[in-house]
Number of protein chains: 2
Amino acid sequence: MPRDSDRTRANILAAAVSEFAARGYAGARVDRIASRAGANKRMIYHHFGGKKAIFQAALAEQLTMGSTTENLVRLWMHEALERGDADIVSLPERRKLAAERIEATCRAQQRGELPACLDPALLTMARLALDAFPLAFPQLVHVYLGNRATSRDFRKAWTGFIADWHGSAPRRRTKPRLRLDRDGIAQAATRPREPRRPDP
Amino acid sequence: MPRDSDRTRANILAAAVSEFAARGYAGARVDRIASRAGANKRMIYHHFGGKKAIFQAALAEQLTMGSTTENLVRLWMHEALERGDADIVSLPERRKLAAERIEATCRAQQRGELPACLDPALLTMARLALDAFPLAFPQLVHVYLGNRATSRDFRKAWTGFIADWHGSAPRRRTKPRLRLDRDGIAQAATRPREPRRPDP
DNA sequence: CCGTTAGGTAACTGTTTAGTTACTTTGCCC
DNA sequence: GGGCAAAGTAACTAAACAGTTACCTAACGG
């Protein structure tokens, strides 16, 4: 068993991600992270400095990921519950990712696949809300759908529903206006008008 | 200060609701619930039996509430994170509430206010997802919208967006089919056909 | 007015947990 | 190969916490 600082660090981080995703900050145990990582607790303090710091590192590592997985949604939930909307971890990277998705929505609107009359940023967020909802609140799916909530059937019905909802909207081929400001934040038409700036 | 068992109990329950909503099960402190309630810790064990039991009671008290408040959404999140979709608290009451809402959606579809071609149960859940999203994930609203996320402006834009989205869908006046099964669960058309049963 | 019951209090206990200390082992450069 | 810094270990500490014990006091029925 050769010593490898980087690997130990990576093991600890991975263990922290699953521990925090599973139990949240307050529920997570530093000892458990250590044993999951096959490392000693002392190493966590050596590499990261403390429970708070490793929580932050675990968030930063996962929150910029692309796909909406259950682990990611759970971390979002813990983030929201424990940190609210202040002091957001990895904000620049996440904004960039969001801007890319909004642009993708925009292109889909231009292709007529999504209703062009809607604000692309809000529309992207709405799709995210619909995607994340069953992962975030499985118990509500059970409450609303009963035995229809069996994962396979439901997943199919839900994606079908989302597609139908989009599909049922009119498809004007108007080119939606989308501007990105300095921070890469989409500035779209629902906002109160501002003096026009030339698009970049 | 006259003694009043019911009032003390109610105080404890209210304090527990806000403590658990604020910090979750693992983060909540029994001592803090007691002092928030102006009561002694011993009384919590007297009236409820333990931390788990009072968490359950707090969930049961709030989860059947009508409106989608921030406190309620936070409790949903803690519920999902800590209990998943197994062993759902107050299931019958919550099913009843859900069924009422689905029926309301159904009536709105009949009035042509919502697209009739969509499964009413899924549509109701989708509206819930959109309503709850900004309360559940305020940090994502910030990531996606930047300074457009200031609460007042956003709230207006978001409700407007939801209305537009619905409004943009076609309004066939087809009567949607809705059946409730024994458990009060909506059985609607997206489900694979079953041999027809007479409606109750 | 007295005794019993239920509401209420404070101090305590055993355990869990974040964080530390003192120590050993490994790799590596000279 | 020896010395040194970094990697790793185990045992410890101080604080926090859920749950308990032993005790007190207001109300109420007789």
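Chain A splits into two domains: domain 1 covers 5-83 and domain 2 covers 91-188. Those bounds come from an automatic or database domain assignment. Before going on, a word on the model. It is predicted, so local features need pLDDT of at least 70 and side-chain atom pairs count only at pLDDT 80 or more, while totals for chains, interfaces and linings use all residues. Residues are numbered from 1 along each chain as its sequence is written, chains are lettered from A and ligands numbered from 1 in the order in which they are written.

Back to the domains. In chain A, 6 residues of domain 1 are in contact with 7 residues of domain 2. Contact here has a cut-off: the C-beta atoms of two residues, placed from the backbone, lie within 7 Å. On the domain 1 side, helix H5 (residues 70-83) of chain A gives the most, with 3 residues. By class, that side of domain 1 of chain A has 3 nonpolar, 2 polar and 1 charged. For the classes, Ala, Val, Leu, Ile, Met, Phe, Trp, Tyr, Cys and Pro count as nonpolar, Asp, Glu, Lys and Arg as charged, and the others, Gly among them, as polar.

Now the overall fold. Chain A has 9 helices and 2 strands. These are DSSP runs, numbered from the N terminus: helices are H or I with at least four residues, strands are E with at least two. Read from the N terminus, the order is α-α-α-α-α-α-α-α-α-β-β. Of the 200 residues in chain A, 40% count as buried. Buried means 20 or more other C-beta atoms within 10 Å of the residue's own, exposed means 12 or fewer, and partly exposed is in between, with C-beta atoms placed from the backbone. Take the contacts in chain A between residues at least 6 apart in sequence: 59% of them join residues at least 24 apart.

One residue in helix H5 of chain A is His78(A). Is His78(A) buried or exposed? His78(A) is buried, because 25 other C-beta atoms lie within 10 Å. Set aside neighbours within four places in sequence, and His78(A) is in contact with Phe20(A), Gly24(A), Tyr25(A) and Leu81(B). Look at the pair His78(A) and Tyr25(A): 53 residues apart in sequence, but 7.4 Å apart in space, C-alpha to C-alpha.

Next, two helices of chain A. Helix H6 (residues 91-110) of chain A has 20 residues, which should span 28 Å at 1.5 Å a residue, and its end C-alpha atoms are 28 Å apart, which agrees. The expected span is 1.5 Å times one less than the number of residues. Its buried residues are Arg95(A), Ala98(A), Ala99(A), Ile102(A), Thr105(A), Cys106(A) and Gln109(A). Down the axis of H6(A), these fall within an arc of 120°, so they line one face of the helix. That arc is taken over the directions from the helix axis to the C-beta atoms. After H6(A) comes Gly112(A), with a positive phi near 80°.

Helix H7 (residues 120-136) of chain A is next. H7(A) has 17 residues and reaches 23 Å from its first C-alpha to its last, close to the 24 Å expected at 1.5 Å a residue. H7(A) is mostly covered, with 13 of its 17 residues buried.

On to the two chains together.

Asp87(B) sits in the loop between H5 and H6 of chain B. Asp87(B) is not a glycine, yet its phi is positive, about 60°. Asp87(B) is exposed, because 9 other C-beta atoms lie within 10 Å. Ser90(B) is also placed in the loop between H5 and H6 of chain B. Ser90(B) has a positive phi of about 55°, although it is not a glycine. Ser90(B) counts as partly exposed, because it has 17 C-beta neighbours inside 10 Å.

Last, the DNA. Which residues are closest to DNA strand C? Of the 19 residues that surround DNA strand C, the closest are Lys51(A), Ser5(B), Thr8(B), Asn40(B) and Arg42(B). Near a strand means a C-beta atom, placed from the backbone, within 6 Å of it. The surface near DNA strand C has 5 nonpolar, 4 polar and 10 charged residues. DNA strand D is surrounded by 18 residues, the closest being Ser5(A), Thr8(A), Asn40(A), Arg42(A) and Lys51(B). H3(B) gives the most to the surface near DNA strand D, with 3 residues. That surface divides into 5 nonpolar, 4 polar and 9 charged.
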